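User: I would like to learn how to read the features of a protein model one at a time, with the general idea stated before the particular case. Could we work through the one shown here?

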Amino acid sequence: CYGDLPRWGVRFDRSNGLPRVLLLGERPPRRALEQGERLSLAGADPGTRFLRELLETAGFAEDDVILGAARLCRATAVDLERVVPTAVCIRECAVHVRELVRLAAPRLLVALGAEAVRSLKAAFPESDAIGGLRFPASIGTTVDAGGTWVRVAYQTTARARGTRPVAAQRED
């Protein structure tokens, strides 16, 4: 969606087998991309640390989980990132999100945030179950999308925790 302009692409961690859970976040942290890090549960940012804590509480081993993103790149210039509409990025990345879901073949897909929900809708327009999801109204909702369960939750970033208290996120 940024054309030929400079951008950082997401690199994903590989799981040792097929993950049971795919966590689809909105977009990777800028700092992680700038430093060439992979999108992974080992990330040091506060949102990822909170996500690890939630997964541990829920009884998921890190090997059972793969982390993905609705947006697969970020512009190297913050100003450019502000002018490219989110809808354009989601539309451009939809084919890649669909392929990520196909390759990961998760039993559970957790859409973390509004962009992740919109991304799934763009990637799977034929799915009535996914098409019926709305953010934030669908938080805590789980639907069967043809053999993969899809659950909607808030992002785990500090900014999201300002809107959705920690206790509510734990319950989600």
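Analyst: Let us start with a helix, where helices (H or I, at least four residues) and strands (E, at least two) are DSSP runs numbered from the N terminus. Helix H2, residues 46-58, has 13 residues and reaches 18 Å from its first C-alpha to its last, close to the 18 Å expected at 1.5 Å a residue, the expected span being 1.5 Å times one less than the number of residues. This is a predicted model, in which local features need pLDDT of at least 70 and side-chain atom pairs count only at pLDDT 80 or more, while totals for chains, interfaces and linings use all residues. Residues are numbered from 1 along each chain as its sequence is written, and side-chain values use heavy atoms, with hydrogens and water left out.

User: Which residues of H2 are buried, and which are exposed on the other side?

Analyst: The general idea is that an α-helix has 3.6 residues a turn, so residues three or four places apart point the same way. Buried means under 20% relative accessible area, exposed over 50%, and partly exposed in between, with a 1.4 Å probe and protein chains only. In H2 the buried residues are Gly47, Thr48, Phe50, Leu51, Leu54 and Leu55. They cover an arc of only 160° around the axis, which puts them on the same side of H2; the arc is that of the directions from the helix axis to the C-beta atoms. On the other side of H2, Glu56 and Thr57 are exposed.

User: What do the buried residues of H2 pack against?

Analyst: Taking contact as heavy atoms within 4.5 Å, the buried residues of H2 pack against strands S2 (21-25), S3 (65-69) and S5 (108-112), and against helices H7 (158-163) and H8 (166-171). Helix H7 contains Arg159, which counts as exposed because its relative accessibility is 63%. Arg159 and Gly47 are 112 residues apart in sequence, yet 9.1 Å apart in space, C-alpha to C-alpha.

User: In what order do the strands form the sheet?

Analyst: Two strands pair if DSSP finds at least two bridges between them. Here 5 strands form an open sheet in the order S3-S2-S5-S7-S6, with mixed pairing. The edge strands are S3 and S6, each of which pairs on one side only, and the twist averages 20° from one strand to the next. S2 and S3 pair in the parallel sense over 5 bridges, with Gly68 in S3 as the bridge partner of Leu24. S2 and S5 also pair in the parallel sense, over 4 bridges, and Val21 stands opposite Leu108 in S5.

User: How many residues of S3 are buried?

Analyst: S3 is mostly covered, with 5 of its 5 residues buried. Val65, Leu67 and Ala69 lie on one side and Ile66 and Gly68 on the other, and both faces are covered.

How values were computed:
Axes fitted to C-alpha atoms, helices over the stretch in contact; angles between N-to-C directions.
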